[in-house]
Amino acid sequence: MIHLDGNSIGGLLSDVFGRDVTDASGRCRECGAENFVGALHVYRAAGVVVRCPSCSAVLMRFVAARDEVWVDLGGLLGSGLEPLRETRVHVMHGGEVVDGRAEP
Amino acid sequence: MGEVTETVTETPRVRTLVLDVPGWTGHRAGQHVDVRLTAEDGYQAERSYSLASAPGEPPALTVERLDDGELSPYLVDEVVRGDRFELRGPIGGYFVWDHDGSTEPLFLVAGGSGVVPLMAMLRHRRAVGSTVPAKLLYSSRSLDDVIYRDELDRLGAEVVQTLTREQPPGWGGYGRRVDVDMLREVSYPPDESPRVFVCGPTNFVEAVAEGLVALGHRPGRIRTERFGGT
Ligand SMILES: Cc1cc2nc3c(=O)[nH]c(=O)nc-3n(C[C@H](O)[C@H](O)[C@H](O)COP(=O)(O)OP(=O)(O)OC[C@H]3O[C@@H](n4cnc5c(N)ncnc54)[C@H](O)[C@@H]3O)c2cc1C
Ligand SMILES: [Zn+2]
């Protein structure tokens, strides 16, 4: 499956983080590689899966539906990337929603 | 919402839409917008399009028609002046080049419509009178497919072209796909620390980025924007 660059989801990311994060860096929990978010690998299917360019581990997952978005940042290590605390942004961890709303 | 104020036919398959976007606060060279079209039945489709114009100029998109595509045939063939559509942006802070006083040479590699964000960088460089050395290696299928053909000579940058399918008689450029030998001949050597931007169809970007790394360019100096497709 072909992929795009993290840069291509800059719009979705600013919905989630409230600012442009494509030139912020993210560290992979699997292999420790640090890359610009704009350089991560993006796979689009039903949702958006963002993988580490070095080891292909899943770093972030997004599912957008209606005007809401479900976010799992579990593959990133202490990135300093904080999703907005808004009702349309649902933070997931290990498949569980941690802010109380169900996955679509 | 953006309103189309002008359309420019660039090639038989490519058109530029100049937009008026109320509240537009300007953009950086290399950024894109997300265009969202809504059908009468409520069905929505969203695609990204790079900004072609220099920062300070009105936003302009340059779109290539993919015959089996959902959005691009509409944007290339059907939109007329005065039409409006939803867009958001400018987006992105990674695949951008700012005129910031750095003197590192700029090496740009484009495949097809991948030239669009790189053109914004070259227009920006020209508009601010930057003296940073700049080179564009631009791959198209045939001379008729070359986007911004007349402007390429007036950019004040070195432009090297390759035509992969069909070359006119007396063609002075390359006549094959971008490969490592071509990159070696055209690119600034790694020890000049060029800033490198590569944009185009996914496979093109991948081949070029791998070639540059094989030539000793540091992966961290190579910024890529994959447009999708193959
Ligand atoms: C950050 C970013 C910036 C972009 N900027 C531009 C731009 O400035 N100008 C521009 O024309 N396009 C640009 N694109 C591509 C654009 O977003 C669309 O993918 C493209 O217009 C096709 O949309 P469509 O709805 O017509 O085709 P779709 O219905 O999405 O696809 C139709 C078919 O074409 C294939 N395909 C999809 N995208 C491409 C592609 N880029 N090349 C070849 N085949 C493809 C698909 O796999 C499918 O088989 C950009 C993409 C990204 C991610
Ligand atoms: Zn990794």
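Predicted model: local features only at pLDDT ≥ 70, side-chain atom pairs only at ≥ 80, totals over all residues.

Residues are numbered from 1 along each chain as its sequence is written, chains are lettered from A and ligands numbered from 1 in the order written, and side-chain values use heavy atoms, without hydrogens and water.

**Entry: the ligand shell**

I counted a residue as near the ligand if one of its heavy atoms lies within 4 Å of it. Ligand 1 is surrounded by 23 residues, and the closest are R47(B), S48(B), Y49(B), L71(B) and S72(B). Because residues from chains A and B surround ligand 1, the site is shared between chains.

Next I looked up which elements contribute; helices (H or I, at least four residues) and strands (E, at least two) are DSSP runs, numbered from the N terminus. In chain B, strand 4 (44–50), strand 5 (60–64), helix 1 (72–78) and strand 11 (222–226) each supply at least two shell residues. Strand 4 of chain B gives the most, with 4 residues.

**Entry: polar contacts**

Here I took pairs of N or O atoms within 3.5 Å (within protein, one must be able to donate a hydrogen and the other to accept it, and residues adjacent in sequence count only if both atoms are side-chain atoms). A backbone N or O atom of S48(B) is 2.6 Å from an oxygen atom of ligand 1. For L71(B), a polar backbone atom lies 2.8 Å from a ligand 1 oxygen. S72(B) uses a polar side-chain atom, 2.6 Å from an oxygen atom of ligand 1.

**Entry: domains of chain B**

The bounds come from an automatic or database domain assignment, which gives domain 1 (2–91) and domain 2 (106–227) in chain B. I noted 23 Å between the centres of these domains, taken over C-alpha atoms. Where does ligand 1 sit relative to domain 1 and domain 2 of chain B? Both domains give residues to the shell, so ligand 1 lies between them.
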